[in-house]
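Student: I have a model to go through. Could we take it by question and answer?

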Amino acid sequence: MKLTFLGTGTSMGVPIAGGFGREKATGDSRDERYRTSAWIQTDQTSIVIDTGPEFRLQTLRAGIRRVDLVLFTHEHVDHVAGLDDLRPYNYVQQAPIPAYTNESCKKSIETRFAYMFGPNRTRGSLQLELNVINEPVQFKDCLITPLPVDHASVPVIGFRINDLVYITDACKISEETFELMKGAKLMVLNGLQWEPKHRTHFTIPEAIDIATKTGIPMTYLVHISSYVTHSVVSKRLPSHVKLAYDQLTVEL
């Protein structure tokens with residue numbers, strides 16, 4: 001399995017529009033972050049997690065030529081706004097694209113993108129088979145297990161895909177979800193900033209504590225704010241936790 005980080009930034013991206021984030025650019029490409037999204041490749045399939053506002057650009061620079069499945073963590077704009085950019089894959093693959101998410105996100109997508117669904121669907125619009133996932137699902141060579149987490153404002157699900165755990169936009173993880181994470185070999189987890197504590201997202205110290213608690217050998221942090229400088233913060237991390245960056249590829 002190959003994991004590519006399509007984006008690792010917060011809801012506003014990094015740098016923030018208008019230059020309202022960090023005061024000066026660092027010159028380090030690892031500090032330029034599209035909205036958080038990922039691409040998973042296995043021997044049998046190509047899976048995308050979330051389609052944020054830069055999804056078209058993410059597909060181009062990563063070279064994504066096929067999308068067999070989409071997983072949506074939740075309905076916030078930074079995770080679904082690029083949904084229509086899947087449309088060319090319909091045209092090339094000549095088939096609807098299946099997708100899994102929770103009930104809240106499914107309803108939100110069907111409402112906000114109503115022209116894509118139902119009997120009055122606009123001809124030529126995206127064909128997406130949107131399903132709710134509550135139990136583990138086998139998709140080709142991937143066992144996909146939903147991982148409910150707390151984002152304070154909306155229900156969010158992470159995903160365990162074989163030995164990979166992927167969680168973003170979380171501020172709390174239940175013991176039941178921790179049980180589902182046991183035995184994984186790699187985790188992706190949100191780590192917004194070093195401090196102060198945030199109402200809806202883990203800080204980096206909190207993410208480190210969770211990574212240590214799970215015993216998962218390696219954790220990569222995503223959903224990183226504009227005030228985190230890669231070269232500086234990386235030196236403060238333990239050996240089993242790293243900052244992810246856009247276009248980083250990891251093999252499992």
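Tutor: First, the ground rules. This is a predicted model, where local features need pLDDT of at least 70 and side-chain atom pairs count only at pLDDT 80 or more, while totals for chains, interfaces and linings use all residues. Residues are numbered from 1 along each chain as its sequence is written, and side-chain values use heavy atoms, with hydrogens and water left out.

Student: How many salt bridges does a search of the whole structure find?
Tutor: A salt bridge here is a side-chain nitrogen of Lys or Arg within 4 Å of a carboxyl oxygen of Asp or Glu. Searching the whole structure on that basis gives a count of 13.

Student: Which residue forms a salt bridge with R61?
Tutor: The closest N and O atoms of the pair are 2.6 Å apart, and the partner of R61 is D246. R61 lies in helix α1 and D246 in the loop between β13 (241-243) and β14 (249-251), so the pair ties together parts that are 185 residues apart in sequence. Helices (H or I, at least four residues) and strands (E, at least two) are DSSP runs, numbered from the N terminus. The partner asked for is D246.

Student: Is D246 buried or exposed?
Tutor: Buried means under 20% relative accessible area, exposed over 50%, and partly exposed in between, with a 1.4 Å probe and protein chains only. R61 has 31% and is partly exposed. D246 has 8% relative accessibility, so D246 counts as buried.

Student: Which residues are linked with R66 in a network of salt bridges?
Tutor: D68 and K140 form a salt bridge, with the closest N and O atoms 4.0 Å apart. D68 sits in the loop between α1 and β4 (69-71) and K140 in the loop between β7 (137-139) and β8 (142-150), 72 residues apart. D68 is buried at 8% relative accessible area, whereas K140 is partly exposed at 43%. The residues linked with R66 in the network are D68 and K140.

Student: What separates K106 and E110 along helix α4?
Tutor: Their side chains meet in a salt bridge of 2.8 Å, N to O. K106 counts as buried at 18%, and E110 is partly exposed at 29%. Both lie in helix α4 (residues 103-112), four residues apart, so the separation is about one helical turn.

Student: Which side chain of opposite charge is nearest to D78?
Tutor: D78 lies in helix α2 (residues 77-80). Lys and Arg count as positive and Asp and Glu as negative, with His and the chain ends not counted. D78 is buried and has no salt bridge; the nearest side chain of opposite charge, 6.8 Å away, is R35.

Student: Is K182 buried or exposed?
Tutor: K182 is in the loop between α5 (175-181) and β11 (186-190). Its relative accessibility is 52%, so K182 counts as exposed.

Student: What is the volume of the largest pocket?
Tutor: On a 1 Å grid over the protein atoms alone, a pocket is an open set of points where a 1.4 Å probe fits, with protein on both sides within 12 Å along at least five of seven lines; lining residues have an atom within 4 Å of a point. Grid points are joined across faces, edges and corners, and a volume is the space filled by probe spheres set on the points. The lining includes R56, D85 and Y89. For the largest pocket, the volume is about 250 Å³.
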